[in-house]
Amino acid sequence: MATYVGQSNSASNSIAIPSGSPVAGHTFFAVCANGSWSAISTPSGWSLVRTVTVGSIVMAIFRLNYNGSGAPWTATGATSNVCTAWAGVDQTTNLSAETGGNGGYGSTVGASAITNGAGEVLIAAFANNFNFAYSAFSNSATQRGQVTSGARATMVDTNVAGPGGSQTITATIASAWFGNAAWVGSIKNAAAGPNTSQFFPFF
């Protein structure tokens, strides 16, 4: 199963190395946001997962198979970002499913449900441009970082094998009736290696 390693926050367009001493072969997921309609560029070496625009909020989700170098990375147009590092992630697709969009205008917000692969961790991100805090996440999700600079951005995850089936992560927001960008994904586990635990003697 994918395992959480660490996180970084930045009130800027610069994505820093997450805590936890990540190494080559780990996978990073980052949420970058602004509240000014500005496009957010993909940092060098990263891949864009999805951009969500809700009113003036622009939220971009990026992924990276870390090779041990390159930090920090610049996401031009972002004013806040949160990045999390993971071990045990499939290095080809990283995510088995993901979606994002307008998370809603009520006190509970979130992306539409996706098919959570059996044994996979759910990860989610939220952003708003009124600096209202997110809390009380569903699916017992843990908040890894929340930063405010032009827009509030946060990233959360379950860090346990999901139940499978149709799932999402919702958040409670401190003030309703304002638009929220929301995203959710299912982190694809790396394939299990060969079983070397048995010893077969030679005769």
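Predicted model: local features only at pLDDT ≥ 70, side-chain atom pairs only at ≥ 80, totals over all residues.
Trainee: Thanks! How many bridges join β4 to β5?

Mentor: Seven bridges join β4 to β5, and the two run antiparallel. Strands here are DSSP E runs of at least two residues and helices are H or I runs of at least four, numbered from the N terminus. Two strands pair if DSSP finds at least two bridges between them.

Trainee: And what happens in the hairpin of β4 and β5?

Mentor: Two residues lie between the strands there, and Gly55 takes a positive phi near 60°.

Trainee: How many bridges does β5 have with β3?

Mentor: Strand β3 (residues 27-34) pairs with β5 over eight bridges, in the antiparallel sense. Met59 in β5 stands opposite Ala33.

Trainee: Is β5 mostly covered or mostly open?

Mentor: Mostly covered, as seven of the nine residues of β5 are buried. Buried means under 20% relative accessible area, exposed means over 50%, and partly exposed is in between, with a 1.4 Å probe and protein chains only.

Trainee: Switching to charges: how many salt bridges does the structure hold?

Mentor: There are two salt bridges, each defined as a side-chain nitrogen of Lys or Arg within 4 Å of a carboxyl oxygen of Asp or Glu. One is formed by Arg50 and Glu98, whose closest N and O atoms are 2.9 Å apart. That pair links distant parts of the chain, 48 residues apart, with Arg50 in strand β4 (residues 47-54) and Glu98 in strand β8 (residues 95-102).

Trainee: What about the salt bridge of Asp157 and Arg144?

Mentor: Their side chains meet at 2.7 Å, N to O.

Trainee: Which ring does the charged end of Arg144 sit over?

Mentor: The ring of Tyr4, with the charged end 3.6 Å from its centre. To count, NZ of Lys or CZ of Arg must be within 6 Å of the ring centre and within 35 degrees of the ring normal.

Trainee: While we're on rings, how many aromatic pairs are there in the whole structure?

Mentor: A search of the whole structure finds nine. Rings of Phe, Tyr and Trp (its six-membered ring) pair if their centres lie within 6.5 Å; planes under 30 degrees apart count as stacked, over 60 as edge-to-face, and the rest as tilted. Phe126 and Tyr134 make a tilted pair, 5.4 Å centre to centre with 35° between the planes. Phe126 counts as buried at 0% relative accessibility, and Tyr134 does at 2%.

Trainee: Why is the pair of Phe130 and Phe132 stacked?

Mentor: Because their planes are at 15°, with the ring centres 6.1 Å apart. Phe130 is partly exposed at 40% relative accessible area, and Phe132 is partly exposed at 21%.

Trainee: Which residues do ring pairs link into a cluster?

Mentor: Phe28, Trp46, Tyr66 and Trp73.

Trainee: Back to Tyr134: what is its bridge partner in β16?

Mentor: Ile173 is the partner. Three strands form an open antiparallel sheet there, in the order β9-β16-β12. β9 (108-110) and β12 (134-135) are at the edges with a single partner strand each, so one side of each is left without a neighbour in the sheet.

Trainee: Last topic, the backbone. Where is the cis peptide bond at Pro72?

Mentor: It joins Ala71 and Pro72, with omega about -5°. Pro72 is in the loop between β5 (57-65) and β6 (73-74).

Trainee: And what is the phi of Ala136 and of Ser140?

Mentor: Ala136 has a positive phi of about 50° and Ser140 one of about 55°, although neither is a glycine. Most residues other than glycine have a negative phi. Ala136 counts as exposed at 56% relative accessibility, and Ser140 is exposed at 67%.

How values were computed:
Residues numbered from 1 in each chain as written. Heavy atoms only, no water.
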